[in-house]
Amino acid sequence: VTLPSSACEIRADVAARRISAVEVCRAALAAIAARDTSLHAFLHVDEQGALARAAELDRNPPPDAPLLGVPVALKDNICTAGVRTTAGSRVLENYIPPYSASVVERLTAAGAVIVGKTNCDEFAMGSSTEHSAFGPTRNPWDESRAPGGSSGGSAVAVAARMVPLSLGSETGGSIRQPSALCGVLGLKPTYGRVSRFGLIAFGSSLDQIGPFARSARDMAVLMRVLAGRDARDSTSADAEVPDYETRLDGDLAGLRVGIPRALLGDGVEAAVRDAFERGIAELQQAGAATREIDLPHAALAIPVYYLVANAEASSNLARFDGVRYGTRVDAPSVIEMYYRTRARFGAEVKRRIMIGTFVLSAGYYEAYYLKAQKVRALIRQDYDRAFADVDLVALPTTPTTAFTLGERLDDPLQMYLSDVFTAAANLAGLPAISVPVGVSPGRLPIGLQLTGRAFDEETLLRAAHAIESRLPLPTP
Amino acid sequence: MADILTQADVERIAALARLELTSDEIPRFAAQLTAILAYADQVQQVDTSGIEPDASTTLASAGRDDVLAPSLSRDALLDQAPAGDRQAGLFKVPRVLGS
(Lines give C-alpha, C1' and ligand atoms only; values in the text may rest on other atoms or scores of the structure.)
Protein backbone atom coordinates (compact mmCIF):
# COMPACT_ATOMS: atom_id res chain seq x y z
CA VAL A 1 0.00 0.00 0.00
CA THR A 2 1.33 3.45 -0.88
CA LEU A 3 0.48 5.84 1.88
CA PRO A 4 -0.91 9.20 0.89
CA SER A 5 0.97 12.17 2.32
CA SER A 6 -1.64 14.93 2.28
CA ALA A 7 -4.54 15.24 4.69
CA CYS A 8 -7.00 15.59 1.79
CA GLU A 9 -5.82 12.33 0.20
CA ILE A 10 -5.86 10.51 3.54
CA ARG A 11 -9.42 11.65 4.18
CA ALA A 12 -10.56 10.53 0.72
CA ASP A 13 -8.75 7.18 0.89
CA VAL A 14 -9.96 6.34 4.37
CA ALA A 15 -13.53 7.35 3.51
CA ALA A 16 -13.43 5.13 0.39
CA ARG A 17 -11.83 2.35 2.48
CA ARG A 18 -8.86 2.13 0.12
CA ILE A 19 -6.78 2.31 3.27
CA SER A 20 -7.66 2.01 6.94
CA ALA A 21 -7.21 4.71 9.56
CA VAL A 22 -5.10 2.18 11.49
CA GLU A 23 -2.72 1.77 8.53
CA VAL A 24 -2.37 5.54 8.25
CA CYS A 25 -1.78 5.81 11.99
CA ARG A 26 0.85 3.06 11.95
CA ALA A 27 2.63 4.82 9.09
CA ALA A 28 2.74 8.06 11.07
CA LEU A 29 4.02 6.24 14.16
CA ALA A 30 6.68 4.50 12.03
CA ALA A 31 7.80 7.84 10.56
CA ILE A 32 8.06 9.26 14.08
CA ALA A 33 10.04 6.23 15.25
CA ALA A 34 12.39 6.55 12.27
CA ARG A 35 13.09 10.27 12.52
CA ASP A 36 12.38 11.51 15.98
CA THR A 37 15.29 9.99 17.88
CA SER A 38 17.48 12.61 16.25
CA LEU A 39 14.95 15.42 15.60
CA HIS A 40 13.09 15.36 18.95
CA ALA A 41 9.92 16.98 17.64
CA PHE A 42 7.77 15.05 20.10
CA LEU A 43 7.68 15.17 23.88
CA HIS A 44 5.07 12.42 24.02
CA VAL A 45 3.80 9.97 21.40
CA ASP A 46 0.41 8.55 22.35
CA GLU A 47 0.82 5.31 20.41
CA GLN A 48 -1.88 3.32 22.19
CA GLY A 49 -4.41 6.15 22.29
CA ALA A 50 -3.87 6.97 18.62
CA LEU A 51 -4.18 3.35 17.45
CA ALA A 52 -7.30 2.78 19.54
CA ARG A 53 -8.84 5.94 18.14
CA ALA A 54 -7.94 4.94 14.55
CA ALA A 55 -9.46 1.48 15.06
CA GLU A 56 -12.63 3.10 16.35
CA LEU A 57 -12.78 5.32 13.23
CA ASP A 58 -12.42 2.21 11.05
CA ARG A 59 -15.26 0.50 12.91
CA ASN A 60 -17.57 3.52 13.00
CA PRO A 61 -16.43 6.14 10.50
CA PRO A 62 -18.32 9.40 11.15
CA PRO A 63 -20.04 10.61 7.95
CA ASP A 64 -18.51 13.57 6.08
CA ALA A 65 -15.65 13.92 8.57
CA PRO A 66 -13.29 16.52 7.01
CA LEU A 67 -10.18 15.04 8.67
CA LEU A 68 -11.17 11.37 8.68
CA GLY A 69 -8.18 9.30 9.80
CA VAL A 70 -5.73 12.20 9.50
CA PRO A 71 -2.87 12.05 12.05
CA VAL A 72 -2.36 15.39 13.80
CA ALA A 73 0.30 16.52 16.30
CA LEU A 74 -0.36 19.16 18.98
CA LYS A 75 2.00 21.61 20.60
CA ASP A 76 2.41 20.60 24.22
CA ASN A 77 0.79 23.77 25.58
CA ILE A 78 -2.60 22.56 24.28
CA CYS A 79 -4.43 20.56 26.95
CA THR A 80 -5.38 16.95 26.21
CA ALA A 81 -7.58 15.15 28.75
CA GLY A 82 -5.70 12.25 30.29
CA VAL A 83 -2.55 12.91 28.21
CA ARG A 84 0.42 14.64 29.84
CA THR A 85 0.71 18.32 28.88
CA THR A 86 3.91 20.05 29.98
CA ALA A 87 4.20 23.29 27.95
CA GLY A 88 7.90 22.38 27.82
CA SER A 89 8.26 23.16 31.53
CA ARG A 90 9.58 21.31 34.58
CA VAL A 91 6.81 23.05 36.49
CA LEU A 92 4.23 20.99 34.57
CA GLU A 93 6.31 17.86 33.95
CA ASN A 94 3.64 15.61 35.50
CA TYR A 95 0.53 17.56 34.57
CA ILE A 96 -2.34 15.43 33.23
CA PRO A 97 -5.16 17.82 32.26
CA PRO A 98 -8.67 16.85 33.38
CA TYR A 99 -10.09 18.40 30.20
CA SER A 100 -9.25 18.91 26.53
CA ALA A 101 -8.85 22.18 24.69
CA SER A 102 -11.75 23.13 22.41
CA VAL A 103 -9.51 22.67 19.36
CA VAL A 104 -8.91 19.06 20.46
CA GLU A 105 -12.66 18.44 20.65
CA ARG A 106 -13.10 20.00 17.20
CA LEU A 107 -10.31 17.86 15.71
CA THR A 108 -11.79 14.75 17.24
CA ALA A 109 -15.28 15.55 15.94
CA ALA A 110 -13.71 16.05 12.49
CA GLY A 111 -12.26 12.52 12.53
CA ALA A 112 -8.62 13.39 13.21
CA VAL A 113 -6.26 11.08 15.12
CA ILE A 114 -4.06 12.88 17.65
CA VAL A 115 -0.72 11.09 17.65
CA GLY A 116 1.22 13.10 20.21
CA LYS A 117 2.41 16.30 21.82
CA THR A 118 5.23 18.35 20.37
CA ASN A 119 8.21 20.12 21.85
CA CYS A 120 8.19 23.88 22.41
CA ASP A 121 10.02 26.60 24.26
CA GLU A 122 8.93 26.61 27.89
CA PHE A 123 5.45 28.19 28.09
CA ALA A 124 5.93 29.15 24.41
CA MET A 125 8.58 31.72 25.35
CA GLY A 126 11.33 31.60 22.78
CA SER A 127 12.14 31.54 19.09
CA SER A 128 14.24 28.38 18.78
CA THR A 129 12.64 25.58 20.91
CA GLU A 130 15.95 25.55 22.82
CA HIS A 131 14.20 26.89 25.93
CA SER A 132 12.28 23.62 26.32
CA ALA A 133 13.11 22.02 29.67
CA PHE A 134 13.29 18.70 27.81
CA GLY A 135 16.01 19.53 25.29
CA PRO A 136 15.93 21.18 21.87
CA THR A 137 14.29 20.07 18.62
CA ARG A 138 16.52 19.90 15.54
CA ASN A 139 15.84 21.33 12.09
CA PRO A 140 15.33 18.51 9.54
CA TRP A 141 17.13 20.58 6.87
CA ASP A 142 20.29 20.71 8.98
CA GLU A 143 20.32 19.02 12.35
CA SER A 144 22.95 21.40 13.71
CA ARG A 145 20.38 24.19 13.39
CA ALA A 146 17.34 25.24 15.38
CA PRO A 147 13.87 24.78 13.88
CA GLY A 148 12.76 28.16 15.21
CA GLY A 149 10.13 28.45 17.86
CA SER A 150 8.36 28.42 20.03
CA SER A 151 6.26 25.83 18.13
CA GLY A 152 9.41 24.14 16.73
CA GLY A 153 8.24 20.58 17.39
CA SER A 154 4.99 21.08 15.49
CA ALA A 155 6.86 22.65 12.54
CA VAL A 156 9.36 19.77 12.41
CA ALA A 157 6.68 17.06 12.73
CA VAL A 158 5.11 18.39 9.50
CA ALA A 159 8.37 19.31 7.70
CA ALA A 160 9.90 15.87 8.33
CA ARG A 161 6.68 14.24 7.09
CA MET A 162 5.82 12.51 10.35
CA VAL A 163 2.28 13.96 10.17
CA PRO A 164 0.52 16.04 7.49
CA LEU A 165 -0.90 18.57 9.97
CA SER A 166 -0.09 19.99 13.38
CA LEU A 167 -1.15 22.79 15.67
CA GLY A 168 1.04 25.41 17.25
CA SER A 169 0.38 28.63 19.10
CA GLU A 170 1.56 32.18 18.57
CA THR A 171 2.12 35.19 20.75
CA GLY A 172 4.69 37.01 18.59
CA GLY A 173 5.51 34.72 15.65
CA SER A 174 5.78 31.25 17.20
CA ILE A 175 4.01 29.53 14.28
CA ARG A 176 5.14 31.62 11.30
CA GLN A 177 8.82 31.86 12.28
CA PRO A 178 9.41 28.07 12.68
CA SER A 179 7.27 27.33 9.61
CA ALA A 180 9.58 29.60 7.57
CA LEU A 181 12.75 28.07 9.02
CA CYS A 182 11.48 24.52 8.38
CA GLY A 183 9.94 25.04 4.92
CA VAL A 184 6.23 24.49 5.62
CA LEU A 185 3.12 26.67 5.75
CA GLY A 186 2.21 28.27 9.08
CA LEU A 187 -0.84 30.41 9.83
CA LYS A 188 -1.57 32.75 12.73
CA PRO A 189 -5.33 33.27 12.57
CA THR A 190 -7.06 36.53 13.51
CA TYR A 191 -7.20 37.13 17.25
CA GLY A 192 -10.49 35.53 18.29
CA ARG A 193 -10.80 33.28 15.23
CA VAL A 194 -9.87 30.05 17.04
CA SER A 195 -10.90 29.23 20.59
CA ARG A 196 -8.10 29.31 23.16
CA PHE A 197 -9.99 27.35 25.76
CA GLY A 198 -7.43 24.82 26.95
CA LEU A 199 -4.38 26.67 25.63
CA ILE A 200 -1.96 27.33 28.50
CA ALA A 201 -1.94 31.13 28.63
CA PHE A 202 1.12 33.31 27.93
CA GLY A 203 0.07 36.75 26.64
CA SER A 204 -3.71 36.87 26.69
CA SER A 205 -4.19 39.85 24.35
CA LEU A 206 -1.91 38.17 21.78
CA ASP A 207 -2.14 34.37 22.05
CA GLN A 208 -3.75 32.43 19.22
CA ILE A 209 -3.72 28.76 18.13
CA GLY A 210 -2.98 28.00 14.49
CA PRO A 211 -2.05 25.29 11.97
CA PHE A 212 1.06 23.98 10.20
CA ALA A 213 0.62 22.16 6.87
CA ARG A 214 2.47 21.24 3.69
CA SER A 215 -0.23 22.65 1.39
CA ALA A 216 -2.73 25.49 1.42
CA ARG A 217 -5.50 22.99 0.69
CA ASP A 218 -4.74 20.88 3.77
CA MET A 219 -4.49 24.06 5.82
CA ALA A 220 -7.82 25.31 4.44
CA VAL A 221 -9.55 22.11 5.51
CA LEU A 222 -8.02 22.29 8.99
CA MET A 223 -8.88 25.99 9.43
CA ARG A 224 -12.53 25.32 8.65
CA VAL A 225 -12.50 22.77 11.48
CA LEU A 226 -10.73 25.04 13.98
CA ALA A 227 -12.42 28.39 13.37
CA GLY A 228 -15.56 29.65 15.03
CA ARG A 229 -17.14 30.95 18.20
CA ASP A 230 -16.71 28.97 21.41
CA ALA A 231 -18.77 29.96 24.42
CA ARG A 232 -15.91 28.82 26.69
CA ASP A 233 -13.55 31.48 25.29
CA SER A 234 -15.09 34.92 25.72
CA THR A 235 -12.54 36.39 23.28
CA SER A 236 -13.56 34.05 20.46
CA ALA A 237 -15.49 35.85 17.73
CA ASP A 238 -18.80 34.98 16.16
CA ALA A 239 -17.67 35.63 12.59
CA GLU A 240 -18.68 33.63 9.52
CA VAL A 241 -16.30 30.77 8.63
CA PRO A 242 -16.07 30.33 4.84
CA ASP A 243 -15.49 27.00 3.10
CA TYR A 244 -11.87 27.95 2.46
CA GLU A 245 -11.06 24.87 0.39
CA THR A 246 -13.52 25.75 -2.38
CA ARG A 247 -12.04 29.25 -2.74
CA LEU A 248 -8.54 28.10 -3.76
CA ASP A 249 -8.63 28.75 -7.51
CA GLY A 250 -5.08 30.05 -8.11
CA ASP A 251 -6.39 33.29 -9.64
CA LEU A 252 -5.34 36.47 -7.85
CA ALA A 253 -6.67 38.95 -10.43
CA GLY A 254 -7.71 42.15 -8.66
CA LEU A 255 -5.72 41.39 -5.50
CA ARG A 256 -3.61 44.30 -4.25
CA VAL A 257 -0.45 43.48 -2.27
CA GLY A 258 1.43 46.18 -0.34
CA ILE A 259 5.16 45.92 0.38
CA PRO A 260 6.60 48.06 3.19
CA ARG A 261 10.06 48.24 1.64
CA ALA A 262 11.43 50.59 4.27
CA LEU A 263 11.39 47.64 6.70
CA LEU A 264 13.70 45.53 4.52
CA GLY A 265 16.85 46.97 6.06
CA ASP A 266 20.39 45.75 6.59
CA GLY A 267 19.39 42.89 8.89
CA VAL A 268 17.79 40.94 6.04
CA GLU A 269 20.04 38.25 4.50
CA ALA A 270 20.59 38.45 0.74
CA ALA A 271 19.18 34.95 0.20
CA VAL A 272 16.02 35.91 2.10
CA ARG A 273 15.66 39.08 0.05
CA ASP A 274 16.05 37.14 -3.23
CA ALA A 275 13.52 34.47 -2.28
CA PHE A 276 11.09 37.15 -1.12
CA GLU A 277 11.31 38.92 -4.50
CA ARG A 278 10.77 35.57 -6.23
CA GLY A 279 7.60 35.06 -4.20
CA ILE A 280 6.39 38.57 -5.04
CA ALA A 281 7.00 37.90 -8.75
CA GLU A 282 4.87 34.76 -8.50
CA LEU A 283 2.06 36.71 -6.85
CA GLN A 284 2.22 39.14 -9.79
CA GLN A 285 2.20 36.25 -12.27
CA ALA A 286 -0.96 34.96 -10.59
CA GLY A 287 -2.63 38.31 -11.23
CA ALA A 288 -1.90 40.34 -8.09
CA ALA A 289 -0.85 43.98 -8.31
CA THR A 290 1.87 45.17 -5.93
CA ARG A 291 2.63 48.61 -4.59
CA GLU A 292 4.90 50.09 -1.97
CA ILE A 293 3.30 51.04 1.32
CA ASP A 294 4.44 52.62 4.56
CA LEU A 295 3.98 51.16 8.05
CA PRO A 296 5.79 53.87 10.02
CA HIS A 297 5.45 52.21 13.45
CA ALA A 298 5.95 48.55 12.51
CA ALA A 299 9.67 48.73 13.28
CA LEU A 300 8.67 49.23 16.93
CA ALA A 301 6.82 45.92 17.09
CA ILE A 302 9.56 44.04 18.96
CA PRO A 303 10.05 46.56 21.80
CA VAL A 304 6.27 46.96 22.18
CA TYR A 305 5.79 43.21 22.05
CA TYR A 306 8.33 42.47 24.77
CA LEU A 307 6.79 45.05 27.09
CA VAL A 308 3.17 43.97 26.52
CA ALA A 309 3.65 40.20 26.24
CA ASN A 310 5.90 39.98 29.29
CA ALA A 311 3.55 42.07 31.40
CA GLU A 312 0.76 39.65 30.54
CA ALA A 313 3.05 36.66 31.05
CA SER A 314 4.02 37.79 34.54
CA SER A 315 0.32 37.77 35.49
CA ASN A 316 -0.55 34.52 33.72
CA LEU A 317 2.38 32.61 35.20
CA ALA A 318 1.58 33.70 38.75
CA ARG A 319 -0.77 30.69 38.87
CA PHE A 320 2.15 28.25 38.91
CA ASP A 321 2.69 28.32 42.64
CA GLY A 322 2.65 24.66 43.61
CA VAL A 323 -0.89 24.75 45.02
CA ARG A 324 -3.42 23.66 42.40
CA TYR A 325 -1.45 21.84 39.70
CA GLY A 326 2.02 21.05 38.46
CA THR A 327 4.93 20.22 40.68
CA ARG A 328 5.60 21.51 44.19
CA VAL A 329 8.94 21.81 45.92
CA ASP A 330 8.23 21.38 49.61
CA ALA A 331 9.27 23.97 52.17
CA PRO A 332 8.42 24.79 55.80
CA SER A 333 6.23 27.78 54.92
CA VAL A 334 3.90 28.56 52.05
CA ILE A 335 5.97 31.57 50.94
CA GLU A 336 9.16 29.53 50.73
CA MET A 337 7.21 26.83 48.90
CA TYR A 338 6.25 29.42 46.25
CA TYR A 339 9.88 30.54 45.82
CA ARG A 340 11.29 27.04 45.58
CA THR A 341 8.59 25.75 43.25
CA ARG A 342 8.97 28.74 40.93
CA ALA A 343 12.77 28.31 40.96
CA ARG A 344 12.06 25.43 38.56
CA PHE A 345 11.18 27.85 35.76
CA GLY A 346 13.92 28.05 33.12
CA ALA A 347 16.07 31.16 32.61
CA GLU A 348 14.01 32.63 29.74
CA VAL A 349 10.74 32.31 31.64
CA LYS A 350 12.33 33.94 34.70
CA ARG A 351 13.66 36.80 32.56
CA ARG A 352 10.25 37.43 31.05
CA ILE A 353 8.40 37.25 34.34
CA MET A 354 10.87 39.77 35.76
CA ILE A 355 10.60 42.16 32.79
CA GLY A 356 6.81 41.95 33.08
CA THR A 357 6.83 42.43 36.84
CA PHE A 358 9.13 45.42 36.48
CA VAL A 359 7.13 47.21 33.77
CA LEU A 360 3.92 46.77 35.75
CA SER A 361 5.45 47.92 39.04
CA ALA A 362 4.72 51.25 40.69
CA GLY A 363 6.63 54.09 39.03
CA TYR A 364 7.29 52.24 35.77
CA TYR A 365 3.80 51.30 34.62
CA GLU A 366 3.16 54.54 32.72
CA ALA A 367 6.61 54.88 31.18
CA TYR A 368 6.78 51.32 29.89
CA TYR A 369 3.52 49.40 29.85
CA LEU A 370 1.05 52.20 29.14
CA LYS A 371 3.42 53.79 26.62
CA ALA A 372 3.79 50.44 24.85
CA GLN A 373 0.01 50.07 24.63
CA LYS A 374 -0.20 53.50 22.99
CA VAL A 375 2.45 52.60 20.42
CA ARG A 376 0.53 49.36 19.87
CA ALA A 377 -2.50 51.47 18.93
CA LEU A 378 -0.33 53.33 16.40
CA ILE A 379 0.87 50.04 14.87
CA ARG A 380 -2.71 48.93 14.48
CA GLN A 381 -3.63 52.29 12.87
CA ASP A 382 -0.78 51.81 10.36
CA TYR A 383 -2.37 48.56 9.20
CA ASP A 384 -5.88 50.06 9.12
CA ARG A 385 -4.55 52.80 6.85
CA ALA A 386 -2.68 50.31 4.64
CA PHE A 387 -5.75 48.11 4.21
CA ALA A 388 -7.67 51.03 2.74
CA ASP A 389 -5.43 50.65 -0.34
CA VAL A 390 -4.26 47.03 -0.36
CA ASP A 391 -5.68 43.60 0.54
CA LEU A 392 -2.48 41.99 1.83
CA VAL A 393 0.85 43.15 3.23
CA ALA A 394 3.93 41.15 2.18
CA LEU A 395 7.25 40.84 4.03
CA PRO A 396 9.81 38.09 4.54
CA THR A 397 8.72 35.98 7.51
CA THR A 398 12.17 36.12 9.10
CA PRO A 399 15.27 38.22 8.37
CA THR A 400 17.57 35.16 8.27
CA THR A 401 17.47 31.44 7.57
CA ALA A 402 17.67 28.89 10.42
CA PHE A 403 20.41 29.69 12.93
CA THR A 404 22.75 27.24 14.63
CA LEU A 405 21.69 25.64 17.92
CA GLY A 406 23.20 27.60 20.80
CA GLU A 407 24.02 30.62 18.63
CA ARG A 408 21.49 33.00 20.19
CA LEU A 409 20.91 31.26 23.50
CA ASP A 410 22.98 33.62 25.65
CA ASP A 411 21.88 36.75 23.82
CA PRO A 412 18.14 37.18 24.48
CA LEU A 413 17.90 40.36 22.39
CA GLN A 414 19.38 38.68 19.32
CA MET A 415 16.90 35.82 19.77
CA TYR A 416 13.99 38.30 20.05
CA LEU A 417 14.95 39.91 16.75
CA SER A 418 14.10 36.71 14.84
CA ASP A 419 10.47 37.85 15.32
CA VAL A 420 11.06 41.35 13.90
CA PHE A 421 8.63 40.85 10.98
CA THR A 422 6.05 38.69 12.76
CA ALA A 423 5.19 40.43 16.06
CA ALA A 424 3.21 43.30 14.50
CA ALA A 425 0.39 40.99 13.35
CA ASN A 426 -0.07 39.75 16.91
CA LEU A 427 -0.13 43.29 18.30
CA ALA A 428 -2.71 44.32 15.69
CA GLY A 429 -4.70 41.07 16.05
CA LEU A 430 -4.45 40.38 12.30
CA PRO A 431 -4.17 37.03 10.48
CA ALA A 432 -0.83 36.25 8.82
CA ILE A 433 0.59 33.28 6.93
CA SER A 434 4.10 32.13 6.08
CA VAL A 435 4.53 30.36 2.74
CA PRO A 436 7.76 28.65 1.59
CA VAL A 437 9.39 30.49 -1.33
CA GLY A 438 12.43 28.36 -1.97
CA VAL A 439 15.75 27.68 -0.30
CA SER A 440 19.01 29.55 0.22
CA PRO A 441 22.24 28.59 -1.63
CA GLY A 442 23.09 26.62 1.53
CA ARG A 443 19.75 24.74 1.22
CA LEU A 444 17.84 26.30 4.09
CA PRO A 445 14.18 27.18 3.53
CA ILE A 446 12.83 30.73 3.35
CA GLY A 447 9.30 31.96 3.99
CA LEU A 448 7.25 34.84 2.61
CA GLN A 449 4.74 36.33 5.01
CA LEU A 450 1.36 37.76 4.07
CA THR A 451 -0.77 39.70 6.55
CA GLY A 452 -4.47 40.28 5.89
CA ARG A 453 -7.49 42.10 7.24
CA ALA A 454 -9.12 40.80 10.41
CA PHE A 455 -11.01 37.53 9.72
CA ASP A 456 -9.80 37.40 6.12
CA GLU A 457 -7.88 34.12 6.37
CA GLU A 458 -9.52 33.25 3.04
CA THR A 459 -7.39 35.71 1.07
CA LEU A 460 -4.23 34.50 2.84
CA LEU A 461 -4.98 30.90 1.89
CA ARG A 462 -5.87 31.86 -1.70
CA ALA A 463 -2.57 33.71 -2.10
CA ALA A 464 -0.60 30.89 -0.43
CA HIS A 465 -2.22 28.41 -2.79
CA ALA A 466 -1.28 30.54 -5.82
CA ILE A 467 2.34 30.75 -4.65
CA GLU A 468 2.70 27.05 -3.91
CA SER A 469 1.23 26.01 -7.25
CA ARG A 470 4.05 28.01 -8.89
CA LEU A 471 6.86 27.40 -6.40
CA PRO A 472 6.52 23.78 -5.23
CA LEU A 473 7.25 23.05 -1.60
CA PRO A 474 10.95 22.30 -1.08
CA THR A 475 11.81 18.98 0.59
CA PRO A 476 14.58 18.50 3.11
CA MET B 1 17.41 57.15 29.13
CA ALA B 2 16.51 53.62 30.09
CA ASP B 3 16.76 52.34 33.61
CA ILE B 4 19.86 50.46 34.63
CA LEU B 5 18.96 47.52 36.79
CA THR B 6 21.38 46.76 39.61
CA GLN B 7 21.72 43.39 41.29
CA ALA B 8 19.63 44.80 44.16
CA ASP B 9 16.89 45.76 41.67
CA VAL B 10 16.91 42.26 40.24
CA GLU B 11 16.54 40.78 43.73
CA ARG B 12 13.68 43.16 44.50
CA ILE B 13 11.83 42.32 41.25
CA ALA B 14 12.40 38.60 41.76
CA ALA B 15 10.91 38.91 45.24
CA LEU B 16 7.82 40.64 43.84
CA ALA B 17 7.40 37.71 41.44
CA ARG B 18 8.26 35.08 44.11
CA LEU B 19 11.16 33.80 42.04
CA GLU B 20 14.17 32.21 43.72
CA LEU B 21 17.33 33.06 41.78
CA THR B 22 20.72 31.41 42.04
CA SER B 23 23.76 33.55 42.88
CA ASP B 24 25.03 33.39 39.31
CA GLU B 25 21.62 34.27 37.86
CA ILE B 26 21.47 37.63 39.68
CA PRO B 27 24.39 39.40 37.93
CA ARG B 28 23.56 37.76 34.60
CA PHE B 29 19.93 38.86 34.74
CA ALA B 30 20.94 42.38 35.82
CA ALA B 31 22.99 42.76 32.62
CA GLN B 32 20.44 41.06 30.35
CA LEU B 33 17.39 42.88 31.73
CA THR B 34 19.20 46.21 31.47
CA ALA B 35 19.97 45.47 27.79
CA ILE B 36 16.38 44.45 27.07
CA LEU B 37 14.97 47.57 28.75
CA ALA B 38 17.46 49.77 26.89
CA TYR B 39 16.22 48.26 23.64
CA ALA B 40 12.56 48.66 24.66
CA ASP B 41 13.27 52.29 25.50
CA GLN B 42 12.74 53.11 21.79
CA VAL B 43 9.03 53.41 22.55
CA GLN B 44 9.78 56.55 24.58
CA GLN B 45 10.77 58.39 21.39
CA VAL B 46 7.32 58.00 19.85
CA ASP B 47 4.85 60.88 20.03
CA THR B 48 1.69 59.34 21.47
CA SER B 49 -0.12 62.49 22.45
CA GLY B 50 -3.85 62.03 22.04
CA ILE B 51 -3.49 58.25 21.54
CA GLU B 52 -5.58 55.93 23.73
CA PRO B 53 -3.73 52.82 24.95
CA ASP B 54 -4.77 49.70 23.04
CA ALA B 55 -4.98 46.98 25.66
CA SER B 56 -6.88 44.42 23.68
CA THR B 57 -7.48 43.35 20.12
CA THR B 58 -10.68 41.51 20.83
CA LEU B 59 -13.60 42.01 18.49
CA ALA B 60 -15.80 39.58 20.36
CA SER B 61 -18.46 40.47 22.84
CA ALA B 62 -17.34 39.13 26.18
CA GLY B 63 -20.81 39.09 27.70
CA ARG B 64 -22.78 35.92 28.19
CA ASP B 65 -25.89 34.85 30.02
CA ASP B 66 -25.30 33.89 33.63
CA VAL B 67 -26.65 30.36 33.59
CA LEU B 68 -25.75 27.23 35.48
CA ALA B 69 -23.76 24.71 33.46
CA PRO B 70 -21.78 21.59 34.29
CA SER B 71 -18.11 22.09 35.14
CA LEU B 72 -15.23 19.87 36.18
CA SER B 73 -15.75 17.90 39.36
CA ARG B 74 -13.95 18.92 42.52
CA ASP B 75 -12.28 15.51 42.68
CA ALA B 76 -10.92 15.79 39.13
CA LEU B 77 -9.30 19.09 40.07
CA LEU B 78 -7.98 17.93 43.45
CA ASP B 79 -6.42 14.89 41.75
CA GLN B 80 -4.18 17.26 39.79
CA ALA B 81 -2.97 19.15 42.85
CA PRO B 82 0.42 18.33 44.41
CA ALA B 83 -1.38 17.91 47.77
CA GLY B 84 -5.09 17.72 47.07
CA ASP B 85 -7.18 16.09 49.76
CA ARG B 86 -10.33 14.55 48.31
CA GLN B 87 -11.68 13.62 51.75
CA ALA B 88 -11.43 17.15 53.05
CA GLY B 89 -12.14 18.72 49.64
CA LEU B 90 -9.13 21.00 50.07
CA PHE B 91 -5.74 21.93 48.63
CA LYS B 92 -3.16 21.44 51.36
CA VAL B 93 -0.30 23.93 51.68
CA PRO B 94 2.55 24.40 54.16
CA ARG B 95 2.14 26.69 57.17
CA VAL B 96 0.84 30.15 56.21
CA LEU B 97 1.19 32.00 59.54
CA GLY B 98 3.89 31.90 62.22
CA SER B 99 7.16 30.00 61.91
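I looked up Asn310(A) and found that, because its relative accessibility is 0%, it counts as buried (buried means under 20% relative accessible area, exposed over 50% and partly exposed in between, with a 1.4 Å probe and protein chains only). I noted that this is a predicted model, in which local features need pLDDT of at least 70 and side-chain atom pairs count only at pLDDT 80 or more, while totals for chains, interfaces and linings use all residues. Residues are numbered from 1 along each chain as its sequence is written, chains are lettered from A and ligands numbered from 1 in the order in which they are written, and side-chain values use heavy atoms, with hydrogens and water left out.

I placed Asn310(A) in helix α9 of chain A (helices are DSSP runs of H or I of at least four residues, and strands are runs of E of at least two, numbered from the N terminus). Leaving aside neighbours within four places in sequence, I found Asn310(A) in contact with Tyr305(A), Arg352(A), Ile355(A) and Gly356(A), where contact means heavy atoms within 4.5 Å.

I then turned to the interface, where 71 residues of chain A are in contact with 56 residues of chain B. For salt bridges (a side-chain nitrogen of Lys or Arg within 4 Å of a carboxyl oxygen of Asp or Glu), the rule finds one across this interface. I recorded a salt bridge between the side chains of Lys350(A) and Glu25(B), at 3.1 Å from N to O. Among the elements giving two or more residues to the side of chain A that touches chain B are α9 (301-316) and α11 (347-359), and α12(A) gives the most, with 12 residues.
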